[in-house]
Amino acid sequence: MSNFSHQIRAASALINRLKHPREFSRIPMLMRSRSFTTIEGDRPTIVHKRSLDILHDPWFNKGTSFSMTERDRLDLRGLLPPSVMSSEQQIERFMVDLKRLEVHARDGPSDPNALAKWRILNRLHDRNETMYYKVLIANIEEYAPIVYTPTVGLVCQNYSGLFRRPRGMYFSAEDRGEMMSMVYNWPADQVDMIVVTDGSRILGLGDLGVQGIGIAIGKLDLYVAAAGINPQRVLPVMIDVGTNNEKLLKDPLYLGLQEHRLDGDEYVAVIDEFMNAVFTRWPNVIVQFEDFQSKWAFKLLQRYRSTYRMFNDDVQGTAGVAIAGLLGAVRGQGKPMIDFPKQKIVVAGAGSAGIGVLNSARKTMARMLGNNESAFESARSQFWVVDAKGLITEERENIDPDALPFARKVKEIQRQGLREGASLVEVVREVKPDVLLGLSAVGGLFSKEVLEALKGSTSTRPAIFAMSNPTKNAECTAEEAFSIVGDNIIFASGSPFNDVDLGNGHIGHCNQGNNMYLFPGIGLGALLSGSRIISDGMLQAAAECLAAYMTEEQVLDGVIYPSTSRIRDITKEVAAAVVKEAIEEDLAEGYREMDARELQKLSQEEIVNFVKHNMWSPEYPTLVYKDN
């Protein structure tokens with residue numbers, strides 16, 4: 001008998017003896033211990049790392065497969081999406097994404113060109129942050145649309161498949177009562193800027209749940225590239241309170257909580273706990289709210305803005321960029337900005353962005369008219385707001401309280417030949433506006449019929465603002481605007497469009513009214529001023545600074561927003577304007593060695609230099625090892 005056969009027979013005999021309990025005691029102790037020795041992969045592994053260190057280590061990282069007990073034991077809670085996945089699910093997620101690439105590569109690039117660029121940039125970000133930001137800053141005009149709008153919308157839609165290395169923190173409805181301790185799982189002792197979303201209204205794409213973290217990551221990339229916020233001091237955050245997206249609720253590969261969204265007091269309690277936690281650990285942090293659905297955007301802004309350093313980019317940032325564009329359009333008509341209160345403006349869209357723009361535009365007009373009650377009433381009469389149900393008037397039933405101040409009076413609209421619920425075409429035809437402003441998230445809303453009606457505008461140079469993102473949600477394209485309304489218009493959009501060749505050597509300029517012109521400067525200015533809050537005056541100063549940035553020659557040529565290639569210089573000027581306003585409003589408390597009294601002594605030029613001096617640049621530092 002061979003030695004191998006002998007081993008097999010001995011093993012069989014051992015198994016039979018184990019079936020009889022009395023026989024077990026007769027098995028030698030050495031053999032008994034060997035029988036219960038685990039194989040190599042089953043042995044616990046002693047690690048000397050926790051938190052992000054373990055997630056960034058390819059030997060020990062399990063990604064979304066870390067169990068909840070491991071997450072608690074290794075300080076990983078909040079650093080991964082809430083869903084715990086099996087290794088089989090992880091492989092399936094990877095293969096689905098890989099197959100998608102194979103299909104696109106075979107059938108031609110329906111959408112993957114920008115997405116492929118994002119993947120390559122993301123891999124560089126994972127390997128080398130300094131080099132990543134060097135590349136981004138040096139090529140900001142080309143790559144801002146990749147890391148931010150419009151590509152970030154596509155990234156968010158596919159984030160469950162694209163997720164590789166965690167970035168940022170995830171607070172979920174299941175973490176209630178734990179957030180104060182969870183926030184200490186983040187390794188940075190100093191965080192200057194947080195961008196937070198609940199994924200409920202990502203761009204114009206709707207409820208994307210936990211996948212909305214992509215928008216927070218993209219925004220913070222621009223904070224670093226444009227405002228020079230140190231990348232080690234930024235934190236993207238996703239608050240996962242569930243999703244009402246039925247497709248995600250049924251998707252076995254979805255990374256978030258598969259339950260319907262919290263609402264009411266339960267929802268507010270989660271956001272309250274998050275705000276309390278982050279401001280307890282980082283009292284001087286600035287929190288930017290991003291892509292919250294309209295029903296919560298205003299409520300949360302009003303709830304927190306007077307007690308925390310925070311702002312809502314969709315409400316206030318979008319409004320500021322739109323105001324800058326509207327003031328630029330007045331200049332483009334050859335008029336001074338002070339004539340802005342005379343502009344007739346038709347607004348399509350009454351969501352958080354639309355109402356935010358309306359409130360800011362009304363305040364700007366009122367201030368120019370004397371900032372009293374009659375000024376506010378006069379300013380109100382310059383707007384006609386159209387939503388999905390048509391023109392909003394005082395006859396509207398169950399009117400949104402935020403839209404109520406802009407509801408047209410019945411006698412006014414009757415004189416104009418209009419009525420409650422009048423269509424956008426009817427309103428444009430009768431009002432003959434100076435500006436048609438789109439914040440509806442409805443692609444193609446400015447149809448040929450609507451644009452034809454705008455040809456009757458009483459303005460010498462009507463302005464069309466198709467501001468909805470991403471590109472497919474733009475109310476019209478630049479080519480449609482110029483070809484239908486005519487060459488002598490001002491065109492702006494939220495997503496980038498190519499300039500239009502009008503013939504005879506003339507160019508129809510496409511201005512991208514992107515929030516990236518303002519929010520980095522607002523955040524940087526608030527940080528460097530040490531302002532206790534972010535006031536309306538600080539936001540207004542930012543918008544007016546952007547509006548004045550263009551030369552007279554440029555605005556008369558139809559260019560109302562600067563090139564994104566100059567974003568660091570634009571941000572520096574905007575931040576300086578915010579700092580100056582904070583000082584004038586006696587809100588500034590100083591930053592580091594520059595206390596409030598020192599800030600007050602600075603001239604305008606010195607404020608600009610102070611801002612420039614505190615902007616981080618991506619340079620490799622000298623590294624020195626020191627043993628603990």
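Helices, as named here, are DSSP runs of at least four residues of type H or I, and strands are runs of at least two residues of type E, both numbered from the N terminus. In this predicted model, Pro150 accordingly belongs to the loop between helix H9 (140-147) and helix H10 (151-157). The peptide bond that leads from Thr149 into Pro150 is cis, with omega near 10 degrees. A cis peptide bond also joins Asn469 and Pro470, where omega is about -10 degrees. Pro470 is placed in the loop between strand S10 (463-466) and helix H23 (478-485).

Most peptide bonds are trans, and most residues other than glycine have a negative phi. Against this background, Asn371 shows a positive phi of about 60 degrees although it is not a glycine. Asn371 lies in the loop between helix H18 (352-368) and helix H19 (373-380), and its relative accessibility of 47% makes it partly exposed. Lys432, likewise not a glycine, has a positive phi of about 55 degrees. The loop that holds Lys432 runs between helix H21 (424-431) and strand S9 (435-438); with 32% relative accessibility, Lys432 counts as partly exposed.

The description now turns to a sheet. Five strands form an open sheet in the order S1-S3-S2-S4-S5, with parallel pairing. Strand S1 (169-172) and strand S5 (310-312) are the edge strands; each has a single partner strand, so one side of each lacks a neighbour in the sheet. On average, and with direction ignored, neighbouring strands of this sheet are turned by 20 degrees against each other. S1 runs parallel to strand S3 (residues 234-240) and is joined to S3 by four bridges. Tyr170 has Met238 as its bridge partner in S3.

Two helices accompany the sheet. Helix H15 (residues 264-281) lies across S1, strand S2 (193-197), S3, strand S4 (286-289) and S5, at about 150 degrees to S4. H24 packs on the sheet as well, touching S2, S4 and S5, and its direction makes about 155 degrees with that of S4.

Aromatic side chains complete the picture. The model contains 15 aromatic pairs. In one of them, Tyr517 and Tyr561 have ring centres 5.7 Å apart and planes at 10 degrees; because planes under 30 degrees apart count as stacked, this pair is stacked. Tyr517 sits in the loop between strand S14 (510-512) and helix H24 (519-529), and Tyr561, 44 residues apart from it, in the loop between helix H26 (552-556) and helix H27 (567-584). Both Tyr517 and Tyr561 are buried. Elsewhere, Phe279, Phe289, Phe292, Tyr304 and Tyr308 form one aromatic cluster.

Terms used: Residues are numbered from 1 along each chain as its sequence is written. This is a predicted model: local features need pLDDT of at least 70, side-chain atom pairs count only at pLDDT 80 or more; totals for chains, interfaces and linings use all residues. Side-chain values use heavy atoms; hydrogens and water are left out. Rings of Phe, Tyr and Trp (its six-membered ring) pair if their centres lie within 6.5 Å; planes under 30 degrees apart count as stacked, over 60 as edge-to-face and the rest as tilted. Buried means under 20% relative accessible area, exposed over 50%, partly exposed in between (1.4 Å probe, protein chains only). Two strands pair if DSSP finds at least two bridges between them. Axes are lines fitted to C-alpha atoms, for helices over the stretch in contact, and angles run from 0 to 180 degrees between N-to-C directions. Contact means heavy atoms within 4.5 Å.
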